[in-house]
Amino acid sequence: MGRVDAPPLRELARCAVRDPDARDLLLARVREMAVRYARVRLGRFGAEDTAQDVAQEVCMALVTALPTYEERGVPFEAFVYTITARKLADAQRSAMRAPTPVAEVPDATDDGPTPESVAVLRDDVSTALALMQTLPAQQREILTLRVAVGMSTDETAAALGMTTGAVRVAQHRALAKLRTLLAQAGAGDVA
C-alpha cells in the first residue's frame, strides 16, 4: 500500500545501513507487506498463523542482506518479493509435511465460528482458488499482490518488473475472466 508521506523503500534501504530509524521504518513496511502476502499464500494450507513467522524471517533475512545489497536496476520491492517468496516456499513445504498438534482439549465451549460457517468459508475460498488457478501465473500473482496484499499498481509493477500499464491491463483481463467463469459456474448451478 502506498503511503503518501512515506519515502519509497529504495530510499529507506539506502539509509537503513547507517540510520537505525530508517532501518526500523523499512522493516515495519516490509513486515507489513510480508505478513499480508504470507497470509494469502499460506491460507490454503491452514497455516495463517505461520504468516507472522514468515514475515519475521523475511525481516531477519533483509537485515542480514542490507549491508551487501547493491541496486542493480531492479526495484527494491522486487528484492523483498524474492526473499518473501523463498521464505514462503519453505513455510509451505513445512506446512504440507508436518502435522499440527493441538495443545490441549478445551474445557469450555468455543465461541468462535461454527463448523458450518467455517465449511462455507472454506468452500468459498476453495472456489475462489480454483478459479484463480485457471488464470496464467502472472495474472494470479498480480491479483494476489494487488487485491490480497494491497500493494499499489506502482509497487506491484516494481515487484514484478513490469510497467504500471501492463499491470493494470493484466489485472483487468484477469478480473474479467474471473467474472466470466463465476457467471458460468453460477449458471451451471441453476441448471
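Q: What makes the reach of helix α2 (residues 20–42) close to the expected one?
A: Helix α2 has 23 residues, and from its first C-alpha to its last it reaches 31 Å, close to the 33 Å expected at 1.5 Å a residue. The expected span is 1.5 Å times one less than the number of residues. Here a helix is a DSSP run of H or I with at least four residues, a strand is a run of E with at least two, and both are numbered from the N terminus.

Q: What kind of model is this, and how are its residues numbered?
A: It's a predicted model, where local features need pLDDT of at least 70 and side-chain atom pairs count only at pLDDT 80 or more, while totals for chains, interfaces and linings use all residues. Residues are numbered from 1 along each chain as its sequence is written, and side-chain values use heavy atoms, with hydrogens and water left out.

Q: How many helices and strands does the protein chain have?
A: It has 8 helices and 0 strands, so reading along the sequence you get α-α-α-α-α-α-α-α.

Q: Why is Tyr 37 called buried?
A: Buried means under 20% relative accessible area, exposed means over 50%, and partly exposed is in between (1.4 Å probe, protein chains only). Tyr 37 comes in at 5%, so it counts as buried. Tyr 37 sits in helix α2, and its C-alpha is 5.1 Å from that of Val 149, 112 residues away along the chain. Other buried residues of α2 include Leu 26, Val 30, Met 33 and Leu 42. Across the 191 residues of the protein chain, 31% count as buried.

Q: What makes Thr 127 partly exposed?
A: Its relative accessibility is 34%, which lands in the partly exposed range. Thr 127 belongs to helix α5 (residues 115–133). Its C-alpha lies 9.7 Å from that of Ala 185, 58 residues apart in sequence.

Q: Are Cys 15 and Cys 59 buried or partly exposed?
A: Cys 15 has a relative accessible area of 30%, so it is partly exposed. Cys 59 has 8%, so it counts as buried. As for disulfides (pairs of cysteine sulfur atoms within 2.5 Å), the structure holds 0.

Q: Why is α2 called oblique to α3?
A: The axes of α2 and helix α3 (residues 50–65) come within 8 Å and cross at roughly 140 degrees. Under 35 degrees counts as roughly parallel, over 145 as roughly antiparallel, 65 to 115 as roughly perpendicular, and the rest as oblique. That makes α2 oblique to α3.

Q: What makes α1 oblique to α2?
A: Helix α1 (residues 9–16) and α2 have axes that come within 8 Å and cross at roughly 135 degrees. That angle falls in the oblique range, so α1 is oblique to α2.

Q: Which hand does the crossing of α6 and α7 have?
A: It is right-handed.

Methods. Axes are lines fitted to C-alpha atoms, for helices over the stretch in contact, and angles run from 0 to 180 degrees between N-to-C directions. A crossing is left-handed if the near helix is turned anticlockwise from the far one by less than a right angle, and right-handed if clockwise.
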